[in-house]
Amino acid sequence: MTWVEAIVLGIVQGLTEFLPVSSSGHLRITSAIFFDRDAGASFTAVTQLGTEAAVLIYFAKDIWRITRTWLVGIRDKSVRSSLDYRMGWYVIVGSIPIGLFGFVFKDQIKTAGRNLWVVATTLIVFAFVLAFAEYWGRQTRTLENFRMKDGVVMGFAQAMALVPGVSRSGGTLTAGLLLNLTREAAARYSFLLAIPAVVMSGVFSLGDVFEPSAPGTSVPTVAQTIVATVIAFGIGYAAIAWLLRYVAHHTLYVFVLYRVALGTLVLALLLTGTIDAT
């Protein structure tokens with residue numbers, strides 16, 4: 001991996017992690033178009049630690065309050081009716097699906113799941129699913145109305161993002177809208193839900209990031225991985241604040257159009273032989 005490649009991919013990761021456009025899909029596409037190779041699933045997972053660090057800092061007060069209340073609630077029944085205690089369980093239970101699917105399909109995620117035909121198709125297909133959710137969802141429920149079944153549904157939606165092109169935030173936002181949550185409520189739970197999954201994925205991928213997962217996969221140095229992760233952190237922190245403000249006042253249709261346009265472009269490049277799918 002070159003330094004230009006590491007820096008560009010760090011920027012792309014930071015810009016796209018929290019938008020419903022698939023950061024892993026963007027890293028895969030960027031690598032193919034501009035560098036004629038794949039940075040690999042492990043590199044993607046590790047750089048996501050940077051963006052999750054941004055979540056930990058941005059929501060530090062919320063995370064501390066939820067964690068403290070959940071721990072107290074284990075032995076004190078009087079706090080178990082509070083939203084913070086319940087949210088602790090919602091995040092734990094909602095994280096189970098992606099952990100299970102990630103373990104079972106870990107090999108496919110690193111190989112077949114990164115095929116650009118798959119990435120382009122999922123970008124387009126799930127764009128229309130997001131559009132339907134935006135149109136159909138009544139957006140009448142806030143986090144105060146959040147229930148365990150909502151956490152489970154959004155947890156399975158997050159698990160679909162193991163396939164590049166689906167988008168973790170896109171999947172959870174879509175599920176949240178279909179459950180009639182407001183965009184802001186769905187986004188906030190999405191941020192919290194991502195913490196266990198992304199952190200564990202990044203930690204477990206540390207040992208693989210410096211080994212090529214397939215022929216043609218670029219291999220970064222330790223320094224390049226650190227720089228890419230730090231860049232992703234800085235840009236990702238700004239992206240969190242922007243997205244929360246944006247979804248509070250705007251629809252998600254702009255992301256739908258973007259996904260369709262990008263997916264169509266990738267399909268055109270594949271059909272003309274400009275880029276290789278694997």
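I started with holes: my search of the whole structure turned up 2 cavities of 30 Å³ or more. A cavity here is a set of points on a 1 Å grid over the protein atoms alone where a 1.4 Å probe fits but cannot get out, and its volume is the space filled by probe spheres set on those points, joined across faces, edges and corners.

Ground rules: this is a predicted model, so local features need pLDDT of at least 70 and side-chain atom pairs count only at pLDDT 80 or more, while totals for chains, interfaces and linings use all residues. Residues are numbered from 1 along each chain as its sequence is written, and side-chain values use heavy atoms, with hydrogens and water left out.

I looked at the second largest cavity, about 30 Å³ in volume. Its lining residues (an atom within 4 Å of a point) include Phe-18, Arg-168, Ser-190 and Leu-243. Helices α10 (168–178) and α11 each give two or more residues to that lining; helices are DSSP runs of H or I, at least four residues, numbered from the N terminus.

Next, the largest nonpolar core: it has 42 residues, and Met-154 and Phe-191 are among those touching the most other members. Such a core joins buried Ala, Val, Leu, Ile, Met, Phe, Trp, Tyr and Cys through side-chain atoms within 4.5 Å, buried being under 20% relative accessible area with a 1.4 Å probe, protein chains only. Helix α11 (residues 183–205) supplies the largest share, 8 residues.

Key
Buried means under 20% relative accessible area, exposed over 50%, partly exposed in between (1.4 Å probe, protein chains only). On a 1 Å grid over the protein atoms alone, a cavity is a set of points where a 1.4 Å probe fits but cannot get out, and a pocket is an open set with protein on both sides within 12 Å along at least five of seven lines; lining residues have an atom within 4 Å of a point.
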